[in-house]
Amino acid sequence: MQSQALAFLLGVLVLHSLHHLPTLAWVVVCLAVPLFYRFMPLARWPAIALLGFSWALLHTHLVAGPWLPAGLSGQDMTLIGVVDSLPEALDRGVRFGFRVEGRADGMYDPDERLPRRVRVAWYGQSPDMVPGERWQLTLRLRRPTGFRNPGGFDYEGWLFRQGYGATAYVREPDSALRLGMDDRPIHRLHRLRADLVERMGQGLDGRPYAGILRALAVGDRSGIAPEQWTTLIDTGTNHLMAISGLHVGLMAGMGYGLMLWGWRRVPALALRLPAQRAAVIGALICAAGYAALAGFAVPTQRALAM
């Protein structure tokens with residue numbers, strides 16, 4: 001099993017070592033994998049490596065999406081899209097995730113391969129951005145870039161993991177148009193998170209640890225002060241600001257205890273279903289609800305699955 005995992009990993013590494021992303025048509029090699037096993041027993045490890053290569057390619061195309069083509073970097077483009085993350089306040093503006101739906105002029109060029117998500121900064125006086133709002137924005141697009149200093153933060157890798165195919169800032173703010181609201185469930189969830197962040201900001205206004213409480217409650221770490229981040233990093237506790245196993249486990253434990261306590265006090269329910277089993281359901285509900293408020297980030301998904 002270990003050697004099979006290494007062969008699979010080798011296929012993933014081969015994809016990430018390429019200078020250009022192959023087309024999605026290469027995924028058809030997955031259909032040939034069973035044939036390798038049946039007719040060519042010695043080709044077992046190459047077949048597993050091809051499977052890893054195909055899986056990574058499929059994930060990159062369907063989950064992360066394409067990156068901005070080099071020819072479009074530095075150009076202005078008017079796009080229509082939806083705010084799909086909690087807005088993050090900056091010193092002189094706001095930053096948010098923008099899910100691209102298409103060009104405002106309706107033109108379609110198959111060679112453009114616009115990124116699926118863009119991390120947008122709106123400098124200066126900006127309107128209140130609400131998750132789920134559809135906007136028409138003129139953006140100056142840039143390919144994701146970042147420093148690769150050993151031991152430093154890999155910003156480019158972070159953008160890739162978050163599904164951002166480009167960064168941008170708003171040009172011609174006066175021409176921006178709000179086009180309505182997208183009411184898909186994921187955007188309703190983000191609006192609920194944004195509302196909780198606003199309420200917590202009002203209730204904890206001026207408190208020194210308001211940003212930390214927001215991070216623990218809804219996974220929004222933008223309010224943590226730089227000096228607090230420095231303290232967290234120096235003490236090795238910065239990982240606690242990511243909603244992960246510890247927090248999800250605590251919520252699951254609270255849900256288990258409350259459900260167990262309440263279920264035992266209703267004899268009719270306890271006769272139909274043992275209190276311990278009902279408590280497990282309560283634990284899962286609390287853990288899933290907390291993960292949803294945290295925005296279903298990758299660490300949260302992993303902790304919830306475990």
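Start by selecting E172, which sits in the loop between β6 (166-171) and β7 (177-181). This is a predicted model. Check the backbone of E172: phi is near 50°, a positive value in a residue other than glycine. Most residues other than glycine have a negative phi. Now show the surface around E172. The residue counts as exposed because its relative accessible area is 52%, and exposed means over 50%.

Next, select L24, in the loop between α1 (2-16) and α2 (29-39). Is L24 buried, exposed or partly exposed? L24 is partly exposed, because its relative accessible area of 35% falls between the 20% and 50% cut-offs.

Then move to the second largest pocket, whose volume is about 830 Å³. To centre the view, select L18, H19, L21, W67 and R143, the residues of its lining that lie nearest the centre of the pocket.

Finally, colour the lining of the second largest pocket by class. Here 9 residues are nonpolar, 7 are polar and 7 are charged.

Terms used: Residues numbered from 1 in each chain as written. Predicted model: local features only at pLDDT ≥ 70, side-chain atom pairs only at ≥ 80, totals over all residues. Heavy atoms only, no water. Helix = DSSP H or I, 4+ residues; strand = E, 2+ residues; numbered from the N terminus. Buried < 20%, exposed > 50% of the residue type's maximum accessible area, 1.4 Å probe, protein only. 1 Å grid on protein atoms, 1.4 Å probe; cavity = no way out; pocket = protein on both sides within 12 Å on 5 of 7 lines; lining within 4 Å. Points joined across faces, edges and corners; volume = space filled by probe spheres on them. Nonpolar A, V, L, I, M, F, W, Y, C, P; charged D, E, K, R; others polar.
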